[in-house]
Amino acid sequence: PRVARARGSSQLLRLPFQHPTMPLIWCAISGHGYGHAAQTVPVLNALGTLVPGLNVILRTTVPASFFQGRLTIPWDHQPVQQDVGCLQDGPLKIDIEATWEAHRRFHDTWEARLSHEVAAMQTASPALVIADTPYLAIEAGSHAGIPTVALANFTWDLVLKEYCHATDPTQQQLIQRIRQSYAKADRALRITPAPKFDVFSHMVDIGPIADPARPERDRLASTLALTPSEQIVLVGFGGIPLTSLPLEHIEQLRRYRFLIDGPVPAGYSRIHSIEALPFSFKTLLASVDIIMTKPGYGTLVEAVALQRPVVYVRRYNFADEPPLVDYLQRHGRGVEMSMKEFNAGRWEVAIRKADETTIPSAAPPPPMGATQAAAILAPYLLDSRG
């Protein structure tokens, strides 16, 4: 029997044997933060409305808890590493040397990994492979003879290109190896906003993917015992925990309450742990007054859809950052804060400036990417029933 979790429940369920007429998706998701999973879930949910009886294998190191309450079709979580991504010291600093070393180790065992994925796919016999955006799954799907589609707002060869040394041929070779795997995709869906990439032979552009929650600002304010003069700032950096925060400095910002990921030491009255609040992260995004983050896909695109003010801290060396910042500046309410100001706790000027920004006249494109992707992908699954 296939193991899955029901929508809105933490209990494991035993699903009946996968009937041949009930299509199955093999969905490989990069475990670098939560952004790739946040893009994929709305697509799978939209597919579930088009394809009755749809099931999905989630092949990812993103924790199963992330999908709980989000994914509405039956799913089986298999925590198998799909790619490396980047090794980071917190969400704002990429350890470039460690990233290259981790990629080398990953590719030292490439043939064994590929063989394992192909065998697992053949055993599961899915109708479709979706990859956001592990290249291992794309090459494995090609070897297994299964239709394979990339869902992407960037590719890992683009990311590594930022860190490549011209004097190190092994780095160039590794990037080329990644590109060769990506090129085996039958089709790619490039999600707005995204940088340009040329690795896929058959690519279709789709709209933004966002699925904002319903705001619960009044309930959140009541839970925090907020006064009328205070505003709520969500400090959310996308699934990779902050290693440190200038807590003493931000505690002095009397007009604000701050919601952070992770525990809060005793003695702070203006700083609250997200884990201690009875709200999902998506609900918090929709309910706070201001969002502080790095330019990552899920948070920025949802902030634009919600028209929430954003204070962002840039890394300046990640491939999808420029198009995301441009998207925010054209369609949302964003103010940049320098890394130095962030680390020093000099937050108030940027927060006030973001709060004073007005909604731009250029309306964002409607967040129809999930619906568009589902319409493109559904024929693969419906045709598989014969």
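# Close-up views of a predicted chain

View 1. The chain has 15 helices and 15 strands. This is a predicted model. Along its principal axes, the C-alpha trace spans about 60 × 55 × 45 Å. The radius of gyration is 21 Å. A compact globule with 386 residues would have a value near 21 Å, so the chain agrees with that expectation. Of the 386 residues, 56% count as buried. Now take the contacts between residues at least 6 apart in sequence. Of these, 65% join residues at least 24 apart.

**View 2. An open sheet of seven strands.** Read across the sheet, the order is β5-β4-β3-β6-β7-β8-β9. The pairing is parallel. In general, strands of a sheet pair through backbone hydrogen bonds, either parallel or antiparallel. Which strands stand at the edges? They are β5 (75-78) and β9. Each has a single partner strand, so one side of each is left without a neighbour in the sheet. Neighbouring strands of this sheet are turned by 20 degrees against each other on average, direction ignored.

View 3. Strand β3 covers residues 24-29. Five bridges join β3 to β6, and the two run parallel. Ala 28 stands opposite Ala 131 in β6. Helix α1 (residues 35-50) packs on the sheet. It touches β3, β4 (55-60), β6, β7 (148-152) and β8. The direction of α1 makes about 165 degrees with that of β3.

**View 4. The largest nonpolar core and a second, separate one.** In soluble globular proteins, nonpolar side chains tend to be buried together. The largest nonpolar core here holds 64 residues. Which of its residues touch the most other members? They are Leu 47, Phe 67 and Leu 259. Helix α15 (residues 369-383) gives this core its largest share, seven residues. A second, separate core has 43 residues. Its members include Cys 86, Trp 110, Leu 114 and Ala 188.

**View 5. The surroundings of Phe 67.** Leave out residues up to four places away in sequence, and Phe 67 touches Ile 29, Ala 37, Val 41, Leu 58, Thr 60, Val 62, Trp 75 and His 77. Phe 67 also belongs to the largest nonpolar core.

**View 6. Cysteines without a disulfide.** How many disulfides does the chain have? The count comes to zero. A disulfide needs two cysteine sulfur atoms within 2.5 Å. For Cys 86, the closest cysteine sulfur is in Cys 164. That sulfur is 13 Å away, so it is too far for a bond. Cys 86 is buried, with a relative accessible area of 7%. Cys 27 is buried too, and its relative accessible area is 0%.

**View 7. Two cis peptide bonds in loops.** Thr 133 sits in the loop between β6 (128-132) and α5 (135-144). Another cis peptide bond joins Thr 192 and Pro 193. Here omega is about -5 degrees. Pro 193 lies in the loop between β8 (187-191) and β9 (203-206).

**View 8. Helix α5, mostly covered.** How many of the ten residues of α5 are buried? Eight are. They are Tyr 135, Leu 136, Ala 137, Ile 138, Glu 139, Ala 140, Gly 141 and Ala 144. Just after α5 comes Gly 145, with a positive phi of about 75 degrees.

View 9. Ala 225 is not a glycine, yet its phi is positive, near 50 degrees. Its place is the loop between α8 (217-223) and β10 (231-235). Is Ala 225 buried or exposed? It is exposed, with a relative accessible area of 55%. Gln 307 also has a positive phi in a residue other than glycine, near 55 degrees. Gln 307 is in the loop between α11 (297-306) and β14 (309-312). With a relative accessible area of 16%, Gln 307 is buried.

Notes: Residues are numbered from 1 along each chain as its sequence is written. This is a predicted model: local features need pLDDT of at least 70, side-chain atom pairs count only at pLDDT 80 or more; totals for chains, interfaces and linings use all residues. Side-chain values use heavy atoms; hydrogens and water are left out. Buried means under 20% relative accessible area, exposed over 50%, partly exposed in between (1.4 Å probe, protein chains only). Helices (H or I, at least four residues) and strands (E, at least two) are DSSP runs, numbered from the N terminus. A nonpolar core is a set of buried Ala, Val, Leu, Ile, Met, Phe, Trp, Tyr and Cys residues joined through side-chain atoms within 4.5 Å. Contact means heavy atoms within 4.5 Å. Two strands pair if DSSP finds at least two bridges between them. Axes are lines fitted to C-alpha atoms, for helices over the stretch in contact, and angles run from 0 to 180 degrees between N-to-C directions. The radius of gyration is taken over C-alpha atoms; the globule rule is 2.2 Å times the number of residues to the power 0.38.
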